[in-house]
Amino acid sequence: MGAQMRIYRQRIRSVQATKKITRAMELIAASRVVKARRRVEQSTPYALALTRACSAVATHSNTDHALTTERENPKRAAVLICTSDRGLAGAYSVNAIKKSAELIERLTGEGKEVVPYLVGRKAVSYYKFRRREYEQEWTGFTDSPDFETAAEVGEALSAQFIAGSEEGGVDEVHIVYTRFVSMVDQEPQVVRLLPLEVVEGDIDTDGDGVPDKGPLPLYEFEPEADKVLDALLPKYITSRIYNSFLQSAASELAARQRAMKSATDNAEELINTYTRLANQARQAEITQEISEIVGGASALADAS
């Protein structure tokens with residue numbers, strides 16, 4: 001019985017140490033997600049307004065810009081996959097990778113060669129473990145994105161798109177990221193970044209699959225439309241990528257907070273279970289000792 005008690009107490013101490021770690025990680029994620037949500041709220045209106053502005057200018061002009069022109073026979077498509085650098089965030093990275101796999105399967109079914117671009121160590125590990133090829137990777141910033149990295153990614157993807165498949169580039173650019181809806185709801189999303197989808201009327205600027213209501217705004221622009229697009233489209237690409245990074249960061253922190261809270265609750269439940277078992281073992285030990293004493297006293301009484 002004594003050995004069993006020691007085992008239970010050792011397990012209780014071990015789970016208590018784990019509980020302290022998960023509780024600390026939960027509190028850290030909870031404090032950081034507030035700032036991440038604020039950054040999303042600040043960047044999203046600019047990214048959406050810039051998307052609508054680019055769509056409006058391209059729609060109401062007869063300019064065939066390189067970044068808005070559909071390729072006649074697209075052969076290669078770039079897919080930017082946004083995951084996390086660290087784990088302990090539930091199914092956050094797994095869901096993003098699953099969404100990208102669905103997109104890659106669809107593009108492959110259309111006869112397009114897919115060129116993956118990876119953000120986050122989880123995506124890199126996934127591809128390296130399965131010995132799959134990818135074009136380029138960016139890591140070390142997923143929980144706190146910076147604009148400079150978004151601009152670097154945007155320049156790399158734009159250069160590949162402008163080159164086109166005939167010169168070793170791509171004909172389409174897609175982003176797979178996790179859209180932050182609320183603290184309990186984060187949705188993996190797919191957005192076609194390039195060529196910019198230009199349509200008359202409703203457009204889906206936020207990537208939620210629901211077209212925005214209302215017509216495109218009418219802009220008066222000068223000088224020529226192609227020069228306006230030359231200035232706007234690089235900003236559009238960088239802002240959309242940066243917003244995708246911020247959305248993914250907020251989603252990652254929210255998922256980590258939820259996962260760590262679940263781990264803390266499970267640790268508390270496990271501690272209660274081991275405590276109950278330890279008490280039962282102690283009561284059994286006391287009962288056995290009393291039985292031995294009573295048995296010994298009865299033996300002495302019978303002997304006398």
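Arg76 is buried, with a relative accessible area of 16%. Buried means under 20% relative accessible area, exposed over 50%, and partly exposed in between (1.4 Å probe, protein chains only). The model is predicted, so local features need pLDDT of at least 70 and side-chain atom pairs count only at pLDDT 80 or more, while totals for chains, interfaces and linings use all residues. Residues are numbered from 1 along each chain as its sequence is written, and side-chain values use heavy atoms, with hydrogens and water left out.

**Salt bridges**

Side chains of opposite charge can pair when their charged atoms come close. A salt bridge here is a side-chain nitrogen of Lys or Arg within 4 Å of a carboxyl oxygen of Asp or Glu. The whole structure holds 15 salt bridges.

| Pair | N to O distance |
|---|---|
| Arg76 and Glu113 | 3.3 Å |
| Arg71 and Asp171 | 3.1 Å |
| Arg106 and Glu110 | 3.4 Å |

Arg76 meets Glu113 in a salt bridge. This pair links distant parts of the chain: Arg76 is in strand β1 and Glu113 in strand β2, 37 residues apart. Glu113 is partly exposed, at 45% relative accessibility.

Arg71 forms a salt bridge with Asp171. Arg71 lies in the loop between α1 (2-59) and β1, and Asp171 in the loop between α4 and β4, so the pair ties together parts 100 residues apart in sequence. Asp171 is buried at 4% relative accessibility. Arg71 is partly exposed at 24%.

Glu110 pairs with Arg106. Salt bridges that share partners join Arg106, Glu110, Lys112 and Glu172 into one network.

**The sheet**

Helices (H or I, at least four residues) and strands (E, at least two) are DSSP runs, numbered from the N terminus. Two strands pair if DSSP finds at least two bridges between them. Here 5 strands form an open sheet in the order β3-β2-β1-β4-β5, with mixed pairing. The edge strands are β3 (136-138) and β5, each pairing on one side only.

Strand β4 (residues 172-182) has 9 of its 11 residues buried, so it is largely enclosed by the rest of the structure. Strand β1 (residues 76-82) pairs with β4 in the parallel sense over 5 bridges. Ala77 has Glu172 of β4 as its bridge partner. On β5 (residues 185-194), β4 pairs in the antiparallel sense over 9 bridges. The two form a hairpin with 2 residues between them.

Strand β2 (residues 113-119) runs parallel to β3, joined by 3 bridges. Val119 stands opposite Trp138 in β3.
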